[in-house]
Amino acid sequence: MVDLTSQYQGIKPAVDSAITSILESAQFINGPAVKTFQSEMEDYLGVKHVIPCANGTDALQIALMALELKPGDEVITTSFTFIATIEVIALLGLKPIFVDVDKDTFCINPSEIEKAITPKTKVIVPVHLYGQAANMGEIMKVANANGLFVIEDNAQAIGSDYNHADGSKRKVGTIGHIGTTSFFPSKNLGCYGDGGAIFTNDEGLASKMRMIVNHGQSKRYYHDLVGVNSRLDSIQAAVLRIKLPKLDGYINARRKVADHYDNFFADIPGIRTPVRGDESRHVFHQYTLTLEGVDRNELNQFLAKKDVPSMIYYPVPAHKQKMFEVFGSAETELPVTDWLTHRVLSLPIHTEMEQDQLDHICSSVEEYLKVKG
Ligand SMILES: *Cc1c(COP(=O)(O)O)cnc(C)c1O
């Protein structure tokens with residue numbers, strides 16, 4: 001699905017020497033590379049505070065911890081996401097309230113959010129799935145009208161621009177009260193291990209989250225809050241410093257692949273290509289088809305035989321996962337989520353794709369459709 005080896009070859013001398021200099025400095029934790037990366041990321045995103053941490057799951061957990069919620073408080077979110085989004089809600093004793101997604105964007109449907117609000121609702125967690133931003137304009141309206149916090153799970157859409165109705169532009173992940181991301185190697189901005197970060201323009205939340213990532217420490221050995229140990233290590237920060245200036249180029253390379261797929265699949269009945277919303281720039285973490293009248297699972301297996309990887313993100317929506325049985329959420333009616341879960345299929349997309357690979361993938365899909373008549 002991704003080719004991290006070829007991407008590394010393109011930046012190898014810079015990466016190798018940056019890692020070597022960290023090894024020589026022996027400042028593995030909280031070294032200068034982490035601070036520098038932090039401020040470079042703040043500049044790139046146009047956000048006041050970036051708080052690096054150990055991974056994208058921790059980033060979500062720390063964001064929720066900073067909001068001082070009570071057990072049983074409700075968090076409205078999407079079921080059509082990677083499990084981490086919901087797992088941290090459950091881990092903190094909060095209650096996930098699942099609402100349906102929009103068929104075009106795969107993201108939480110703002111008009112469903114309003115209906116799910118109760119006196120216990122405290123937070124909305126939209127997920128910018130596959131690289132496409134949720135409708136943040138509407139989400140912020142609902143949140144502001146009801147006094148709710150918004151945490152954007154931006155593990156999949158880092159670098160995307162969002163155009164607001166008033167003409168202003170913001171980076172996705174910096175629109176809500178807090179945004180989070182992951183630097184897992186296969187993410188659009190990936191390091192060579194685990195990593196993550198939290199974004200906010202709110203001074204108070206930022207200082208609280210800086211303490212939470214470091215055992216709730218206000219100064220050394222003085223602990224004011226229950227926190228965690230969640231740090232981005234210096235080697236990962238050094239790698240990210242090399243990859244951040246390349247992110248926009250990487251996004252363009254992904255968008256080129258998406259353009260090629262879009263053109264190829266445009267007039268094929270039964271195949272719906274990803275919809276690109278007007279408000280944001282799709283950064284194509286995944287290129288995901290919706291198959292109507294084409295057997296998704298059979299196509300997935302046919303492609304595997306042709307050495308074409310394809311993936312189902314995600315085969316079981318969160319509300320039906322066994323780990324959330326206690327919430328009784330399997331009974332929640334999410335018709336669009338359920339419909340999509342049986343029909344989505346993601347094709348390989350990455351920054352180093354060659355024309356002959358693309359041709360092989362496209363013609364393999366075409367061959368399957370011909371076989372099926
Ligand atoms: C990858 C991902 C996460 C978790 O990130 P990790 O760094 O793997 O912990 C959370 N949410 C979404 C939507 C993701 O894709």
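**Reading exposure, contacts and backbone angles**

Reader: At 58% relative accessibility, which is K35: buried or exposed?

Author: K35 counts as exposed, because its relative accessibility is 58%. Buried means under 20% relative accessible area, exposed over 50%, partly exposed in between (1.4 Å probe, protein chains only). This is a predicted model: local features need pLDDT of at least 70, side-chain atom pairs 80 or more, while totals for chains, interfaces and linings use all residues. Numbering runs from 1 along each chain as its sequence is written, and side-chain values use heavy atoms, without hydrogens or water.

Reader: Where does K35 lie?

Author: K35 belongs to helix α2, residues 32–45. Helices (H or I, at least four residues) and strands (E, at least two) are DSSP runs, numbered from the N terminus. The C-alpha atom of K35 is 33 Å from that of C107, a residue 72 positions away along the chain.

Reader: How many residues of α3 are buried?

Author: Eight of its 10 residues are buried, so α3 is largely enclosed by the rest of the structure. Those buried include G56, D58 and A59. L60, Q61, I62, A63 and L64 are also among them.

Reader: Which residue caps the N-terminal end of α3?

Author: N55 does. One of its side-chain oxygens lies 3.0 Å from the backbone nitrogen of T57.

Reader: What does the side chain of T200 reach?

Author: Two backbone atoms. The T200 side chain comes to 2.7 Å from the backbone oxygen of H177. It also comes to 3.1 Å from the backbone nitrogen of D202. T200 sits in strand β9, residues 196–200. T200 is buried, because its relative accessible area is 2%.

Reader: Now the ligand. Which residues come nearest?

Author: There are 13 residues around the ligand (a heavy atom within 4 Å). G56, T57, D153, S182 and K187 come nearest.

Reader: What polar side-chain atoms lie by the ligand, and at what distances?

Author: D153 places a polar side-chain atom 2.8 Å from a ligand nitrogen. In the side chain of Q156, an N or O atom is 2.8 Å from a ligand oxygen. K187 has a polar side-chain atom 3.1 Å from an oxygen of the ligand. Taken alone, the ligand exposes 380 Å² (Shrake-Rupley, 1.4 Å probe). The protein buries 92% of that area.

Reader: Which elements give two or more residues to the shell around the ligand?

Author: Helices α3 (56–65) and α4 (84–91) do.

Reader: What phi does Y130 have?

Author: Most residues other than glycine have a negative phi, and most peptide bonds are trans. Y130 is not a glycine, yet its phi is positive, about 65°. Y130 sits in the loop between β4 (121–125) and α6 (136–146). Y130 is buried, because its relative accessible area is 2%.

Reader: And D307: buried or exposed?

Author: Exposed, because the relative accessible area of D307 is 69%. D307 is a residue other than glycine with a positive phi, near 60°. D307 lies in the loop between α10 and α11.

Reader: Which residues does a cis peptide bond join?

Author: Y313 and Y314. Omega there is about 5°. Y314 lies in the loop between α10 (296–305) and α11 (335–341).

Conventions:
A polar contact is a pair of N or O atoms within 3.5 Å; within protein, one must be able to donate a hydrogen and the other to accept it, and residues adjacent in sequence count only if both atoms are side-chain atoms.
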